[in-house]
Amino acid sequence: MKITNPETIQSSEKEFIDFINAELDWGSIEKMILKKHNLQLQDEVVYKQGDIMVYDNQIAYKFDFDIKVSLSLIFNRQGDCLNIKTPDGEDLEEDV
């Protein structure tokens, strides 16, 4: 037996996810991406979707984005990847 309209729940969840997305601290997110991946974001970040999920036995929120990053891919004439670097010259891969 339904006790509420499922469309109301789905609509409210979408509004909640949109609200959280609007409040994300992109300065902090960019710092984490730079620290963890040594990449700086370029141009705009495109929001794709968000969802509520269980992660490590707790309620969590997953947001998917498309981002643009700058990097240099170095490979030889045999097609072997020699290195991947960021614009500041930092190696992304130690052993490619």
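The following questions and answers concern a predicted model.

Visitor: What distance separates the end C-alpha atoms of helix H2?

Guide: Helix H2 covers residues 26-37, which is 12 residues. At 1.5 Å a residue it should span 16 Å. The model agrees with that expectation, as the end C-alpha atoms are apart by 16 Å.

Visitor: Which residue has a side-chain oxygen that reaches the backbone nitrogen of glycine 27?

Guide: The contact is at the start of H2. The oxygen comes to within 3.2 Å of that nitrogen, and it belongs to aspartate 25.

Visitor: Is aspartate 56 buried or exposed?

Guide: Aspartate 56 sits in the loop between E1 and E2, and its phi is positive, near 55 degrees. Its relative accessibility is 61%. Exposed means over 50%, so aspartate 56 counts as exposed.

Visitor: What is the phi of asparagine 57?

Guide: Asparagine 57 is also placed in the loop between E1 and E2, and its relative accessible area of 78% makes it exposed. Most residues other than glycine have a negative phi. Asparagine 57 is not a glycine, yet its phi is positive, at about 60 degrees.

Visitor: Which strands each supply at least two residues of the nonpolar patch?

Guide: The patch has an area of about 470 Å² and is made by Phe16, Ile52, Val54, Ile59 and Tyr61. Tyrosine 61 lies in strand E2 and is partly exposed, at 40% relative accessible area. The strands that each supply at least two patch residues are E1 (41-55) and E2 (58-69).

Technical notes
Residues numbered from 1 in each chain as written. Predicted model: local features only at pLDDT ≥ 70, side-chain atom pairs only at ≥ 80, totals over all residues. Heavy atoms only, no water. Helix = DSSP H or I, 4+ residues; strand = E, 2+ residues; numbered from the N terminus. Expected span 1.5 Å × (residues − 1). Polar contact = N/O pair within 3.5 Å; in protein donor to acceptor, adjacent residues only side chain to side chain. Patch = residues over 30% accessible without salt bridge, like charges linked within 9 Å, V, L, I, M, F, W, Y side chains within 5 Å. Areas by Shrake-Rupley, 256 points an atom, 1.4 Å probe, with all protein chains shown as cover. Salt bridge = Lys/Arg side-chain N within 4 Å of Asp/Glu carboxyl O. Buried < 20%, exposed > 50% of the residue type's maximum accessible area, 1.4 Å probe, protein only.
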